[in-house]
Amino acid sequence: MPGLAGLFFCLIMNSELKNIKRLIVNQSLELDCGKIIKGFPLAYETYGTLNKNKDNAILAFHALTGDQFCTNINPITKREGWWTFAVGPGKAIDTNKYFVICANVLGGCMGSYGPKEINPETNKLFGTTFPVITIRDIVRAQKYLLDSLGIEKLLSVIGGSMGGMQVLQFAALYPELSHSTIPIACSASHSAQNIALNELGRQAIMADPNWKKENSSPDKGLAVARMAAHITYLSKKGLEEKFGRKLQDKGSLKFSFDADFQIESYLRYQGATFVDRFDANSYLYITRAMDYFDLEKQYKGNLSHAFKDNKSKFCIISFSSDWLYPTIENKEIVIALNACGANVRFAEINSDKGHDSFLLNVPEFLKTIGEFINSTYNEVKK
Amino acid sequence: MKKEFEAISKIIENNKRVLDVGCGDGTLMEYLKEKQKNDVRGLEPQKKLVQKCIAKGLPVIEGDAEKELIQFPKKSFDYVVLSQTLQAFFNPEEVLEQLLRIGKQTIVSIPNFGYWKVRLHLLFKGTMPVTKNLPNEWYNTPNLHMCTIQDFVNFCDKKKIKIDKSMCLTNEKISEITKRNMKYKNIFSQLGIFLIE
């Protein structure tokens, strides 16, 4: 699409967001809330090399607290990327073979259009004046990135959790745009339980007196939100095995409210490190986008209609100990796909690591997605 | 590929939609997809085998036929295949009803409990038969509802299921079952293969 290329230009920002590639999207995008946005930034990263035929590109969507740096060391946080186990040279999503694209979602806080950005109309931070965004908005924004890279058809769209929701939304919006579609540990409609858990996190942030105060951030509230959420990413068995009732650095209970137990100390650490890298308002906006996600409703109460005539190869994966996006919710996607005769495969992977399994070293999972992507690529090349 | 699968694949016309129920490691599916350009789907309860199929690129979903068949629309496949599994279900009658609902035609194969070695085993040894085709002991066999070729034909008669084709495997050779040779085939065949609707 050479004609379109002129409509885009890529910037490497040289401010606090150095090392971040940003596409400025100059087309206007009407959000689901009705607001029209234009000239908005979309931060992204790529790994591997796009081949001559441009047929080896994989679009990975990140989950709630992820960002575009899915592997290697994240240049901003200096920590490992969120999907280092899966993406990289010789790994399941092999960057020696494939060109992996990952963008920071709209509403995110790693350089994309989000509440942490300056509102050009007021020259102030957006904060809570940022428009409420949806999974559909997030996905439609990323289509511009594909256009700017000149990619007409992806090898795969892949993602777990909220990333999986984006995968499903992508399949519904652009049925011709990917050879394979891999939603992992997700759901086509956010459940009441998950809305409740997100609301818990949001209320923790909003209860912090520093929320909405200029030049301060509700770190305590955000840390509590993260602690609560983190528990939901694990499983009871996983917690028992890793922590049990083990005490932190001491032989006996201290009869105080310090972190006596290892699990307490672990959660506190998770909360404390999270606030250094994540924006509280982004957390509000992105969890809202998840809650609003209801693909079935988008297609008038029939999820199958979202995938009608979609020729992509679907691979749905769930994990046995995931109670946040349990197998049964993943299976509803499979059922909808079978009802419209789609090319669907489904596996539940045994793991004690809970919802987080998709981010961790779970060999059966990594092997399954890796070999599936390879087999898809072999067929594309045929 | 084993003789049984050869016979099944010969029944299936090219470029048709096929659901393989209990597809195992996907051997038959792969053949149908590659050689006959069939649009194949599989259903398999064993995780390891499902993952193997997905790795090969085959569209297989993990699940138990007794629970999962209900999700497939009526007549959504040209053929539904069930190879040597009918006897292992808790409720084979209901599974068969589902297969007939989903498929325009259904191919069912059954290990023949009327095979002479099975009969002699029980007659002379007085213990539950263990043969090449039925390798398990009574206490660990997955087979809950064994039947003979004659049983299956009687069942189809009773249920008004139309048998379009009946074949059997006798000493590694596939042959037709007719009304005339029925009694003979019920003794000398290890396996019955039926195309029904």
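Predicted model: local features only at pLDDT ≥ 70, side-chain atom pairs only at ≥ 80, totals over all residues.
Chain A is built from eleven helices and 13 strands. Its C-alpha trace stretches over about 65 × 50 × 40 Å along the principal axes. For 382 residues, the rule for a compact globule gives a radius of gyration near 21 Å, and chain A comes out at 21 Å, so the two agree. Buried residues account for 49% of the 382 in this chain. As for how the chain folds back on itself, take the contacts between residues at least 6 apart in sequence: 69% of them link residues at least 24 apart.

Chain B has eight helices and eight strands. Here the C-alpha trace covers about 50 × 35 × 30 Å along its principal axes. Some 40% of the 197 residues of chain B count as buried. Of the contacts in chain B with a separation of 6 or more, 64% come from residues 24 or more positions apart.

Now for the place where the chains meet. On one side 21 residues of chain A take part, and they are in contact with 15 residues of chain B. Looking at the chain A side, the elements that put in two or more residues are strand 12 (313–319), helix 10 (327–339), strand 13 (343–349) and helix 11 (363–381). Helix 11 of chain A gives the largest share, with seven residues.

Within chain A, helix 4 (residues 192–207) and helix 5 (residues 219–232) make a pair whose axes come within 7 Å and cross at roughly 165 degrees. An angle over 145 degrees counts as roughly antiparallel, and helices 4 and 5 of chain A are therefore roughly antiparallel to each other. The crossing of helix 4 past helix 5 in chain A is right-handed. Helix 4 brings A:L197, A:L200, A:G201, A:A204, A:I205, A:M206 and A:A207 to the contact, while helix 5 answers with A:G221, A:L222, A:V224, A:A225, A:A228, A:A229 and A:T232. Sorted by class, this contact between helix 4 and helix 5 of chain A holds eleven nonpolar and three polar residues, with no charged ones.

Two backbone angles also deserve a mention. Most residues other than glycine have a negative phi. A:S161 is not a glycine, yet its phi is positive, at about 60 degrees. This serine sits in the loop between strand 10 (154–160) and helix 3 (162–173) of chain A. A residue needs 20 or more other C-beta atoms within 10 Å to be called buried; A:S161 has 27 such neighbours inside 10 Å, so it counts as buried.

The other case is in chain B, where B:E172, likewise a residue other than glycine, has a positive phi near 65 degrees. B:E172 is part of the loop between strand 6 (163–170) and strand 7 (173–176) of chain B. With 12 or fewer neighbours a residue is classed as exposed, and B:E172, which has 9 other C-beta atoms within 10 Å, is therefore exposed. In short, A:S161 is buried, whereas B:E172 is exposed.

Conventions. Residues numbered from 1 in each chain as written. Chains lettered and ligands numbered in written order. Axes fitted to C-alpha atoms, helices over the stretch in contact; angles between N-to-C directions. Helix = DSSP H or I, 4+ residues; strand = E, 2+ residues; numbered from the N terminus. Parallel < 35°, antiparallel > 145°, perpendicular 65-115°, else oblique. Left-handed = near helix turned anticlockwise from the far one by under 90°. Contact = placed C-beta atoms within 7 Å. Nonpolar A, V, L, I, M, F, W, Y, C, P; charged D, E, K, R; others polar. Rg over C-alpha atoms; globule rule 2.2 N^0.38 Å.
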